[in-house]
Amino acid sequence: MKKSKITKLLAAMILIMAILNMAGCGAKTTEKSTGSTGSQSGSLVIRLEGGDWGLPSPFAHYSRGPGASKMRLIYDSLLEKGEDGLIPWLAKEWTISSDGREYTFLLNSKVKWHDGKMLTAQDVKFSFEYFAKHPPVSNSLLIDGKPFIEKIEVIDEDRVKIAVKEPNATVLDRVGIVRIIPEHIWKDIDDPKKVMDLDKLVGCGPYILTDYSQEQGKYRFQAFKDYWGRKPGVDVIEFIPVSDPVLAFENGEIDVLDVPPDLIDRYRNNKEFKILKSPAFWGYKLLFNMEKKPELADINVRKAIAHAVNVDELIEKVARGAAVPASPGYLPIDHIWYNPDVTRYDFDIEKAKELLNNKSLNLVLLISDSQQEARIAELLKINFAKAGINIDVRSVDMKTRDSCVKNCDYELAIIGHGGWGADADCLREVYAATAACDAGPTSNVICGYSNPDINRLCKEQLAELDEQKRKSMIMELQKLISDEIPILPIYNTIDYTVFKPEKYDGWVHVFDHHAVTHNKLSYLEQDK
Amino acid sequence: MRHQKALKYFATFFCIITLNFFLPRIMPGDPFYFLSSEQGEVAVTYSQEEIDRFKAYYGLDKSMLAQYGSYLKGIIKGDLGYSIYFGSDVKTIIKNRIPWSVSLVLLSVIIGGGVGTLLGCLSAWYRGNASDKFLYSIMVVISEIPAFLIGIFFLFYLAARQGIFPLSGGAKPFADYASWIDVLLDIARHGFLPTLTLSVVQMSGFYLIARNSMITIMSKDYIITAKAKGLGTRRILFRHALSNAALPIATQAFYSLGQAVGGTLLVENVFKYPGLGSLMRQAVMVRDYPLIQGIFLTVTLFVIIMNAAVDILYKRLDPRIT
């Protein structure tokens with residue numbers, strides 16, 4: 001009697017839970033009916049590692065990770081990042097006035113929004129003005145935190161003129177990547193952050209978002225059949241949750257894998273797979289706080305530390321070979337403006353001791369709780385000790401470490417971040433910023449350091465519109481920085497991407513980014 | 001008496017929500033500052049002006065006390081605020097995740113509790129035998145292994161090696177279901193390994209408690225009498241002994257409900273299961289104050305309710321307790 005009651009109760013509970021779950025399923029999946037939804041046979045569906053990175057609207061994707069790249073599949077910009085530099089996109093041509101203050105863009109005609117309406121020059125003007133009022137998550141319309149656009153004018157139906165406050169070498173780069181959004185959707189929306197409706201995500205890019213689930217971290221993008229530009233090479237892109245990427249790739253659940261260095265041999269010399277090596281645009285650097293530790297203001301001490309770092313060992317043991325030594329001049333080896341002739345610091349303990357005059361030094365090294373950083377720190381500690389530099393490693397969580405670095409509350413610190421392939425103006429943000437005007441990895445003030453020559457060159461390159469002249473300034477700047485080493489770049493990591501070319505072979509790297517799956521060009525047919 | 005109890009629960013609740021508010025804010029770091037990123041990732045950067053603007057938007061520019069005031073006011077109104085990182089309503093985010101986690105917790109406590117208690121009883125009955133010793137040592141080992149390690153073992157063995165179960169997620173992405181039964185089966189298949197993991201962990205706890213209290217009961221006179229009367233093993237074990245040993249087991253059941261919430265946190269991360277645990281990890285990592293508060297509040301409420309249930313149940317099970 002009693003037992004059957006319990007069994008009934010159990011059965012009822014399981015049923016209730018299943019129903020609860022289904023209710024959850026129903027609530028969490030927002031689907032958009034676009035008529036063209038549903039995978040037809042014969043269409044190419046690519047599956048990639050998903051995870052929740054936010055609704056891909058310019059205002060709602062998350063600030064970390066690949067949220068922005070998903071948003072860019074939906075929205076196009078005036079220019080696009082190509083394999084060697086900026087390439088024409090919505091704007092087929094542009095001119096810059098001789099004083100460097102006016103940029104005129106000629107738009108492609110016949111560009112359609114996903115809802116069938118035509119894109120107009122007014123939409124472009126509206127986008128810039130709307131972003132000024134309602135900043136998107138990823139906002140390129142600020143230099144040092146201040147807006148630089150003075151005025152935007154619609155000249156005729158195909159041309160837009162943008163006037164800037166001061167001539168600046170990075171304007172094209174910044175204006176070019178601004179997403180163009182439709183005026184007819186956004187004009188009456190006052191709080192774009194709260195827009196969570198898939199139907200509002202109308203862009204003019206090659207893909208339409210048809211499904212997104214926050215809890216499950218899945219996205220489904222369908223190619224836009226009236227896309228104005230290059231033909232989409234993939235019909236459907238699906239991002240799905242993955243617990244272990246290697247297992248998922250092996251099981252055929254995902255089509256692209258960032259393969260851990262130790263497993264590369266498994267896919268090498270195998271016709272079925274193709275391996276792409278990424279440019280090294282993610283890296284670790286060692287920060288010196290010269291305000292808190294005046295000893296570090298002595299250039300010989302910094303050089304001694306640089307000589308005590310065995311980069312090759314770190315690359316072999318921590319990065320498992322998938323990295324290249326960072327340049328003491330900051331811009332990494334794969335950067336389009338990398339200077340190979342900067343001053344280098346070989347691993348040389350005797351030299352380090354000599355530079356320190358055989359004195360010893362006690363420092364605290366602040367790191368986050370990542371395994372990689374802990375390994376780097378432990379290996380540094382061993383070699384540093386041989387040179388007479390005793391370090392005490394302190395590990396805290398990432399946000400805590402970042403906040404300590406921001407507040408100059410550290411002696412030595414290791415941080416790792418991406419974006420090393422960005423425009424060379426990042427040198428100014430890293431080495432010559434006078435106040436922390438930005439919360440980015442490339443723009444924190446070096447505590448207690450300022451060098452008039454570096455500052456001057458940084459400022460001059462920003463105003464130089466002649467590309468060749470600017471490039472030679474950047475070369476000089478890297479040399480100067482490598483002599484001074486106010487920050488010690490350690491190494492830049494390489495990603496190896498594996499995929500089966502038989503299924504899809506369109507993956508490319510653009511000039512400033514390390515991930516093939518993050519750029520739009522990878523999903524479009526190549527320009528002939 | 002009853003008022004006093006209610007007051008006690010209220011005070012506990014109040015202390016906890018206050019801690020909920022202040023603890024995340026005492027942690028260094030803020031939600032808008034991204035100096036570094038995880039390997040291979042790029043984070044968006046904000047200018048100081050933008051950060052100030054965001055802070056004003058989310059009301060983080062006001063004094064701590066004023067924020068605390070509006071937080072309390074929100075709770076009374078049932079408004080948990082707006083997530084900074086996820087950009088949506090905290091209540092909705094949590095509501096969509098709860099069914100996943102709650103089913104994991106409840107199912108694993110029921111299954112783990114049932115199996116663990118049963119094995120505990122048997123072990124106590126055959127105390128000293130080889131089978132008892134074997135079971136006992138295995139359960140002690142399991143109870144000391146962290147849940148996520150057991151999860152990883154299952155993930156590698158049953159999902160990756162044997163391919164019996166899916167590797168991750170709560171349901172098959174973009175599946176076309178033919179009927180509700182397919183949906184159910186799919187959810188069950190995805191939930192199986194996380195549930196199994198948590199059940200195994202729960203089982204060891206229940207086993208140890210059940211075995212202990214049964215051993216105590218077994219030496220009581222009325223059990224000897226029952227044996228002398230020639231009653232069957234099953235009847236003695238489950239009728240006479242277990243009902244008297246039920247008190248600590250029931251306590252364990254409710255205690256494990258609270259504990260299982262902690263366990264799911266890690267196990268969900270192993271299986272990328274779309275519950276509260278994986279959400280909490282993210283929320284803490286990005287210092288999403290409103291969301292951290294919301295999740296803690298939910299968990300707190302759950303644990304307090306469970307405690308209250310234990311109190312009530314106790315009185316039922318043992319009339320001596322007032």
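**Exercise 1. Work out what share of the contacts in chain B, between residues at least 6 apart in sequence, join residues at least 24 apart.**

Step 1: Keep in mind that this is a predicted model, and take two residues as being in contact if their C-beta atoms, placed from the backbone, lie within 7 Å.

**Exercise 2. Describe the make-up of chain B and how confident the predictor is in it.**

Step 1: Count the elements: chain B has eleven helices and zero strands.
Step 2: Look at its extent. The C-alpha atoms fill a box of roughly 85 × 55 × 40 Å along the principal axes.
Step 3: Check burial: of the 322 residues in chain B, 40% are buried.
Step 4: Check confidence. The average pLDDT of chain B is 82, and 97% of its residues score at least 70. For the complex, the predictor gives an ipTM of 0.71 and a pTM of 0.80.

**Exercise 3. Now turn to chain A and trace its open sheet of six strands.**

Step 1: Write down the strand order, 17-21-16-20-18-19, and note that the pairing is mixed.
Step 2: Find the edges: strand 17 (323-325) and strand 19 (389-395) of chain A each pair on one side only.
Step 3: Follow strand 19 of chain A to its partner. Strand 18 (residues 361-367) runs parallel to strand 19, and seven bridges join them. In one of these strands, strand 19, A:Ser395 is the bridge partner of A:Ile367.

Key
Residues numbered from 1 in each chain as written. Chains lettered and ligands numbered in written order. Predicted model: local features only at pLDDT ≥ 70, side-chain atom pairs only at ≥ 80, totals over all residues. Pairing = 2+ DSSP bridges. Helix = DSSP H or I, 4+ residues; strand = E, 2+ residues; numbered from the N terminus. pLDDT = per-residue confidence, 0-100. Buried ≥ 20, exposed ≤ 12 C-beta atoms within 10 Å, placed from the backbone.
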